[in-house]
Amino acid sequence: MNDNKYFGASEAELGFLKEIVRMLPAGLTVQDAHGELLLVNDAAAAQLGIDGSRPSPDLSPRREACRQALSAGQPVVTEEAIHNGAARQVLLTTHRPVRLAGRELLISASSDITEQKNFEDQLFRSAYFDELTGLPSRRVIEHHANGLLARDGGERFALAFLDVDNFKHINDYYGHAVGDALLVELSKRLGRDLRDSDMLSRISGDEFLLLLSPIQSQEEVAEFMQSTLERLTAPFFIDTSEVFASTSVGISLYPDHGRSFETLRQNADIAMYRIKNDGKGSAAFFDSSMEREALARMKVEQSLRLAILEKRFCCAFQSKVDIRTQAVTGIEALVRLRDDEGVIQAPGSFINLASELGLIDELTHLVLAEIVKSIDLINETFGAEATISINVAAKQAGNPEFMRSFAQALDDTGFPSRFMIEVTEDAFVAKNHFQAEILPTFRKLGVGISIDDFGIGYSSLSALADITADEIKIDRSFITDIHKRPRSQGILRAIESLSEALGMTVIAEGLESYEELAYLQAATKIRYAQGYYFSRPIFLEELKLVTPISSEARVNMVSRPTQQNRQGYSRASGYRR
Ligand code: C2E
Ligand code: MG
Ligand code: MG
């Protein structure tokens, strides 16, 4: 290019064009028929590493593309990955053979698509692999199972549904980072000893699917699962914590328990549910009796949803009594469900399910609404000073959204300081926002805080020191036969003195006998108790049937359980005895 004129352009124009080519943002190279580079602009020099950024740039792919495009005599588009240490650069290049001044040349234009490529890869990975554990996703295991099902005379295989026990508890107690780390460690232990033809997949939060294929017999699968479960019982050391986790497993076999992935998965799930209810931490194979159980459970679910919709809930009230004066100082609202047949059900049969189905928040609002509706009768019966306790599940207590709406609803009653909320100790020690952020809102309203069922949860006695509550209710399991159990007496003394130091009122729950009462009165300073000895939970509408009670009578409103009301709820007439 020494001529002053080239293709009719002046030297100045030529220099101008060269400059433009040099500075183009796309990489541009021109090669001759031997693959030698005749022209390389700045972007191409950087892309190929011949600008000095790499010690020995590998130009062989470029030469090979040149050879191919020239021999084909037409444009070729290639995707070229250039590795520079750990970094990867992806170029999309169009190679175009041209004839210029009698020479065969190849013009190549490259754009850098690294970012787009990384994004595509990430999308691919997240569609098919779980980000946390790196395990294949549900889609992949389903595809794999469908492949096995499609084979003629398909071989037997097993599908196991695994669910970590109390994972929510672990998450709440130790925090999400530990929960995540536990899932990673668990998946490693689960994945050990698998064959290439087996597949482990994480399908959601704490749920895994394991496909074992091929299998010889049910016994072989049972033995394998047993050893896997045993491996999981050893503690996990995460951060500074020693975490114990067990897993419940339900297994279905192909073709015995289903001929489609969905049926096999569902049946494995049903078997897993049975294990959860039978004490967790082991494995069971599906059988048809479980299917009937699952159907029955679905019926309960349906009727619970319907009951909420139709507001078929009511409250029974149980009094809190001053054991020194026999005065009623407060009442606790205990929810009851009127089922489809009109039979009254205690919360044991539906509270956990309501919580699982996400219906519990609505239920708590219904309880409050019933209290507000009946407040005149409550005042008439128990006195206008009696505190009113409402139970809040630990799951709700850790949910700021619900607790805000509940605090608002309590404030809207116009008498928020009459209320106490009863929460189990787990809610206080969980690493969520309950104690630090949610409680202050309730305190501001004058709502009292009570620790329910103390002594059976996860926390230790020393955890009490960090809890700010007004009242502590000692679980019935410590109170039953307390006069005959020196160990429980010791525990009671310890709780009592600690609570006194922390300024919390102590209530003994589930007091049933005169002997228990006599022990509390004589050997402890405990002032308050709740239990069948004084009164069973009663319905207000039963009270409506009797004449209003005078204030002296109210002070003595305690009833001894009779044979007649031992099984049912105390009736108003019994209550006034
Ligand atoms: P809790 O809050 O500890 O309530 C005390 C439970 O013990 C009540 O059972 C009560 O009927 C029973 N009880 C009281 N005195 C005695 C006694 O002397 N002996 C015996 N054996 N039992 C006694 P209930 O009503 O079946 O409630 C069970 C649990 O259900 C409650 O335990 C509470 O945790 C939960 N619950 C009740 N209502 C609600 C509610 O509205 N929301 C929520 N989240 N949970 C509720
Ligand atoms: Mg309670
Ligand atoms: Mg309790």
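1. Donors are taken as N, O and S atoms within 2.8 Å of the metal (3.2 Å for Na, K and Ca), and sites may look incomplete because water is not among the atoms. This is a predicted model, in which local features need pLDDT of at least 70, side-chain atom pairs count only at pLDDT 80 or more, and totals for chains, interfaces and linings use all residues. Residues are numbered from 1 along each chain as its sequence is written, chains are lettered from A and ligands numbered from 1 in the order in which they are written, and side-chain values use heavy atoms, without hydrogens and water.

2. Asparagine 391 belongs to strand E16 (residues 387-391) and aspartate 452 to strand E18 (residues 448-454), so the pair ties together parts 61 residues apart in sequence. Strands (E, at least two residues) and helices (H or I, at least four) are DSSP runs, numbered from the N terminus.

3. Aspartate 452 also bridges the magnesium ion (ligand 2) and the magnesium ion (ligand 3), which lie 4.0 Å apart. Aspartate 452 is buried, at 7% relative accessible area, whereas asparagine 391 is partly exposed, at 26%. Buried denotes under 20%, exposed over 50%, and partly exposed the range in between (1.4 Å probe, protein chains only).

4. In helix H9, the buried residues include Phe261, Leu264, Ile270 and Met272. Among the elements covering the buried residues of H9 are helix H5 (138-150) and strand E6 (157-164). Glycine 279, with a positive phi near 110°, follows H9.

Methods: Contact = heavy atoms within 4.5 Å.
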